[in-house]
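Here are my notes from going through this one. Have the structure open while you read, and follow along point by point.

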Amino acid sequence: MEILAFGVTADEQPLMEAAFGRQHPLRCLDVFLSEDTAPIAAGYEIVSTSVNADLNENVLRALAAGGTRMIAQRSTGFNNIDLKVATELGLTVSRVSYYSPYSVAEFAWTLAMAVNRRIVRASNRTRDFDFRLNGLMGRDMHGRTVGVVGTGKIGAAFTRIAHGFGMKLLGWDIEENPDCLALGMQYVTKDELLAACDLVSLHVPLLPATHHLLDAAALRRMKDEAILVNSSRGGLIDTEALVDELRAGRFTGVGLDVYEAEAGVFFMDRSLQAVEDDTLARLVTFPQVLVTSHQAYFTHDAVGQIIETTVANVEDYLAGRRSENTLIPAPTG
Ligand code: NAD
């Protein structure tokens, strides 16, 4: 049975074809699943979608009407899928509940060090044969204090790297992680963490309780010279408030792999269109800000694991099995 995969990048396609091709023919499309593209899925029982697919009610109804019975989402998050409607339509929906936390943790450190040591500015200068050092001074991480907001799988991997730098480790979470405690992490309140840290990195999920976790008041608690990194979800930060703080000259560096209004912009080439988002346009103009396009997970290892798990999820569906990756049908009993 041929499977249709939406939102496949050129880097992913050979890996997907190799993994699926062993058992299942695969048709890869680089377009994302949306109301416009859903008709392409007509006649495909199994459709695989990426993190930026829009699986709203209209799209799900169009898929079901075309004969789709299973959706294999290639990400951990599933906030883009209307699970209520999918349940009503009797669809099977799976996701990838685990893949390399090192991909994201290492990328968060890449952002932190790139803004700290002014790597983008340095690279731009040397391309112009300008080899001066003014404006490139950074700070040692050794001996400084890092605040890890969310010490789950990714936060713990980030903490191990911070430990390697010789940093003082502060954490904030609803649950203490024994692995982080063993590295000497001290859990404190969010306010204490923000006030004490030279580097703050966000690793909590986006939930109603964590939406705008860093609002204007929280951002004002941070040190003027702090570095802030967000590789989790854009909605954790009130971006307008962040722009206000940056405009006031605060923060040594800000590295953002996610942005609260990234949908419809990230993962796409918008270079030839008018910029509609004034906040994003302002954000990228600050010299100490580095924005990347939700690429923290994008390593051979993590993408390979995502694809292998997606193949396993398809096989579970074909065999009538469920796993921890099956979102729908929900486990009974
Ligand atoms: P995880 O579930 O292992 O860890 C999340 C941690 O957050 C847990 O320790 C949990 O106790 C804590 N937490 C949950 N709710 C909280 C709350 N209300 N207040 C304080 N702490 C709370 O998840 P993970 O695998 O470490 O992933 C963390 C996040 O990273 C994901 O939710 C996702 O948003 C993001 N992520 C980003 C990318 C990317 O490419 N940029 C890729 C994967 C994941």
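1. How many Å separate the centres of domain 1 and domain 2, taken over C-alpha atoms? The answer is 31 Å. Keep in mind that this is a predicted model. If you want to colour the two parts, domain 1 covers 3–99 + 299–328, and domain 2 covers 101–291.

2. Now look at where the domains touch. Eight residues of domain 1 are in contact with six residues of domain 2. Together the two domains bury about 610 Å² between them, and 67% of that is on carbon and sulfur atoms. On the domain 1 side, look for Phe32, Tyr98 and Tyr99: they supply 52% of the area that domain 1 buries against domain 2, more than any other three residues.

3. On to the ligand, which 22 residues surround. The closest are Tyr99, Lys153, Ile154, Asp173 and Ser231. By class, the shell splits into eleven nonpolar, seven polar and four charged residues.

4. Next, zoom in on some atom pairs. A backbone N or O atom of Ser231 sits 3.0 Å from a ligand nitrogen. Ser232 uses a polar side-chain atom, 3.1 Å from a ligand oxygen, while Tyr297 has a polar backbone atom 3.1 Å from an oxygen of the ligand. Taken alone, the ligand exposes 870 Å², and the protein buries 82% of that.

Definitions and conventions. Residues are numbered from 1 along each chain as its sequence is written. This is a predicted model: local features need pLDDT of at least 70, side-chain atom pairs count only at pLDDT 80 or more; totals for chains, interfaces and linings use all residues. Side-chain values use heavy atoms; hydrogens and water are left out. Domain bounds come from an automatic or database domain assignment. Contact means heavy atoms within 4.5 Å. Buried area is the accessible area (1.4 Å probe) that two parts lose on being put together, summed over both. A residue is near a molecule or strand if one of its heavy atoms lies within 4 Å of it. A polar contact is a pair of N or O atoms within 3.5 Å; within protein, one must be able to donate a hydrogen and the other to accept it, and residues adjacent in sequence count only if both atoms are side-chain atoms. Accessible areas come from the Shrake-Rupley method with a 1.4 Å probe; for residues, only the protein chains shown count as cover. Ala, Val, Leu, Ile, Met, Phe, Trp, Tyr, Cys and Pro count as nonpolar, Asp, Glu, Lys and Arg as charged, and the others, Gly among them, as polar.
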